[in-house]
Amino acid sequence: MSATPGPWDVRKVSVTWVLRDKKTYLLGEIYTSSVGDEEAEANARLIAAAPELAEACLALIRWQQDGDLAEAMDMAETALRKAGALGE
């Protein structure tokens, strides 16, 4: 199984948070009316970080096999920051 390659980004358009890939193809929309603007933005940012989160998880698996923990931790921190889990 393969997904649309990252990076993905998030843009606010009216009452919707729009997820797009680097070619500006629409990947999804989060409507603020269902959960409120703050929660909708957080959800959209978490979804947009999915490609980086997947890469970070793969790096952790490689670390377990090859021993490069620094790279895996850097990737995980970057992805979590993009998702908003560690702040900006």
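The following legends describe close-up views of a predicted model. Local features need pLDDT of at least 70 and side-chain atom pairs count only at pLDDT 80 or more, whereas totals for chains, interfaces and linings use all residues. Residues are numbered from 1 along each chain as its sequence is written, and side-chain values use heavy atoms, with hydrogens and water left out.

**View 1. Strand β2 and its two pairing partners.** Strand β2 covers residues 16-21; strands (E, at least two residues) and helices (H or I, at least four residues) are DSSP runs numbered from the N terminus. Strands β1 (residues 8-13) and β2 run antiparallel and are joined by six bridges, where pairing requires that DSSP finds at least two bridges between two strands. Within this pair, R20 of β2 stands opposite D9. Strand β3 (residues 26-31) also pairs with β2 in the antiparallel sense, over five bridges, and E29 in β3 is the bridge partner of V18. Five of the six residues of β2 are buried, so the strand is largely enclosed by the rest of the structure. Here, buried means under 20% relative accessible area, exposed over 50%, and partly exposed in between (1.4 Å probe, protein chains only).

**View 2. The two hairpin turns.** The hairpin of β1 and β2 has two residues between the strands. S14 lies in this loop and takes a positive phi near 60°. S14 is exposed, with a relative accessible area of 62%. The hairpin of β2 and β3 has four residues between its strands, and T24 in that turn has a positive phi of about 65°. Most residues other than glycine have a negative phi.

View 3. G6 and P7 are joined by a cis peptide bond, with omega about 0°. P7 belongs to the segment before β1. Most peptide bonds are trans.

View 4. D66, D68, E71 and D74 form a negative surface patch. Patch residues have over 30% relative accessible area and no salt bridge, with like charges joined within 9 Å and nonpolar side chains (Val, Leu, Ile, Met, Phe, Trp, Tyr) within 5 Å; a salt bridge places a side-chain nitrogen of Lys or Arg within 4 Å of a carboxyl oxygen of Asp or Glu. D68 lies in the loop between α3 (50-66) and α4 (69-83) and is partly exposed at 38% relative accessibility. In helix α4, R81 is likewise partly exposed, at 33%. The C-alpha atoms of R81 and L69 are 18 Å apart in space, and the residues are 12 apart in sequence.

Terms used. Accessible areas come from the Shrake-Rupley method with a 1.4 Å probe; for residues, only the protein chains shown count as cover. Lys and Arg count as positive and Asp and Glu as negative; His and the chain ends are not counted. The place of a charge is taken as NZ of Lys, CZ of Arg, CG of Asp or CD of Glu.
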